[in-house]
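Subject: Handover of a structure

Dear colleague,

Please find the structure below, followed by a summary of the findings.

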Amino acid sequence: PGWVKNAVLRELSKQGINAEIESLSFDPWRGMVAEQVTIRLPGSEQLAFKADEIRLEIGFVPLLRGRVVVEELEFSDSVFSMEVQREDGGTFPLELKQVNGMFGFDAEQTLLIKDLRFKFLNLLFDVKGSLGTKQVGPKPPREPRKPLVFKKQWTELLESWQKVSAAQPLALHVDVSGDIRKRESIAVTVKLKGQDVRYGSLLIQRARGEIRCRNDVVEIDCLGLETSEGSVEAQGRYAIGTRDADLQFSGKISPRLAAHFLPAERQKMLEGWEASEPLSLDISAHVNGGRWAEAKASVQIHAGEFSYKTVPFRELRVKADWKDGRLSMPELILTRAEGSLSARLDWDRATDLCTFILDSTVNLDEFEPIFGENAKNAFKTFTLHKAPVIQLKGSRVLKDPKSLKASGLLDIADFTGNDIPIKSFHCKLDINGPVIRFSRVECRKKEGRMSGDFILDTQTGDLAMKAVSDIYPVDV
């Protein structure tokens with residue numbers, strides 16, 4: 001009858017559960033069955049959980065007295081769906097599948113979670129615990145809440161994880177307690193376990209870790225994944241009230257492992273990266289008040305032999321620090337068979353100004369596959385038999401190529417230019433935007449030498465020169 005349905009809704013509302021039921025019927029074998037149910041929990045009204053069917057356990061004695069008391073809610077292979085907003089204005093559906101278990105209520109209106117199991121994002125959850133739902137005193141004023149909006153790349157990543165199938169998903173064991181109306185009182189412990197679990201092409205050999213939330217503080221205790229393509233490990237702490245965060249992350253990461261955790265549009269930067277061993281990555285970060293742009297972070301990267309777009313390298317070492325809107329990179333060393341490139345960089349986010357010191361003894365003409373057509377055109381008339389020595393110190397506003405200013409030295413031995421063999425070339429460099437000044441030039445051939453100054457405009461191709469030479473003019 002309609003009065004029973006309305007009484008059920010009122011009773012659930014008293015327990016802190018706002019529900020909508022399309023139809024309510026009695027099955028002699030199963031009891032009271034609610035169909036096409038929508039559930040919203042206090043403080044999470046924007047997330048609507050929808051289920052095709054829920055079995056209700058109604059107290060028999062109170063019912064004889066004309067009062068409906070819901071003692072249990074039972075789910076059997078149910079599907080809960082909810083929609084979250086995307087930044088483009090659309091919505092994104094998330095699903096909790098294979099929902100089984102029971103919710104019960106005691107005399108103190110405590111919500112008892114009894115062996116609740118479900119599958120979400122291809123993770124298998126097992127939840128137990130209790131949550132107080134009784135309202136004591138007048139209802140506090142409701143503060144306006146900002147809608148939960150997901151960026152496009154994260155919804156794409158969630159969608160891909162929903163589609164990936166796993167015969168034996170990773171297991172998350174969850175214990176929860178507290179009062180649903182007092183967020184700070186809720187305590188949650190999540191334990192991650194798994195062994196030899198395959199998600200599509202990703203084989204997770206071992207998963208472990210524990211996440212705890214108490215007194216509005218989330219702690220990550222050694223959350224780790226070991227796979228056939230590398231491993232990652234994280235630990236940290238996040239205070240929900242102050243939005244302060246500390247994070248430590250380390251990993252042995254291969255290109256294939258990184259691709260599993262990046263949105264599709266970011267995976268393009270991995271194209272052409274091949275490595276015999278995973279890259280080593282260590283990150284530590286601290287954030288005050290949720291101001292990620294003002295975070296303090298340190299990063300260390302080390303890679304052994306690898307290639308990028310077919311260009312081989314022996315080693316990469318990077319040390320970088322981010323603080324107060326400034327990126328400092330005291331160490332960047334790239335090693336190849338013939339030499340190395342080392343640099344120190346500082347970048348100011350507010351001004352976009354980057355200052356640098358660079359020393360190079362690598363064959364830059366072999367970098368054509370990385371730099372593309374511009375590098376090919378720059379080196380097409382040169383053949384370098386030995387790596388040039390380049391020293392530069394300068395600055396540039398990154399968004400303005402014409403702002404480049406630098407000075408240094410260039411020293412090249414044993415090369416050909418336009419098929420003319422050169423024994424050595426040495427000069428001082430001064431760069432001002434598109435104009436490069438080669439001064440104090442000393443160029444030697446087998447049969448002679450040339451000295452002087454050159455000014456090259458890389459935009460127009462104009463070359464001005466003042467030189468003294470006993471080399472054939474046609475060679476000059």
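Among contacts in the protein chain between residues at least 6 apart in sequence, what percentage join residues at least 24 apart? The answer is 40%, where contact means heavy atoms within 4.5 Å.

This is a predicted model: local features need pLDDT of at least 70, side-chain atom pairs count only at pLDDT 80 or more, and totals for chains, interfaces and linings use all residues. Residues are numbered from 1 along each chain as its sequence is written, and side-chain values use heavy atoms, with hydrogens and water left out.

The protein chain contains six helices and 30 strands, defined as DSSP runs numbered from the N terminus (helices: H or I, at least four residues; strands: E, at least two). Of its 476 residues, 36% are buried (under 20% relative accessible area; exposed is over 50%, partly exposed in between; 1.4 Å probe, protein chains only).

Three strands form an open sheet in the order β15-β18-β19, with antiparallel pairing; two strands pair if DSSP finds at least two bridges between them. Its edge strands, β15 (273–275) and β19 (311–313), each pair on one side only. Strand β18 (residues 306–308) is joined to β15 by three bridges, and E274 stands opposite S307 in β18.

The structure holds zero disulfides, a disulfide being a pair of cysteine sulfur atoms within 2.5 Å. As for individual cysteines, C443 is buried, at a relative accessible area of 6%, whereas C222 counts as partly exposed because its relative accessibility is 25%.

Yours sincerely
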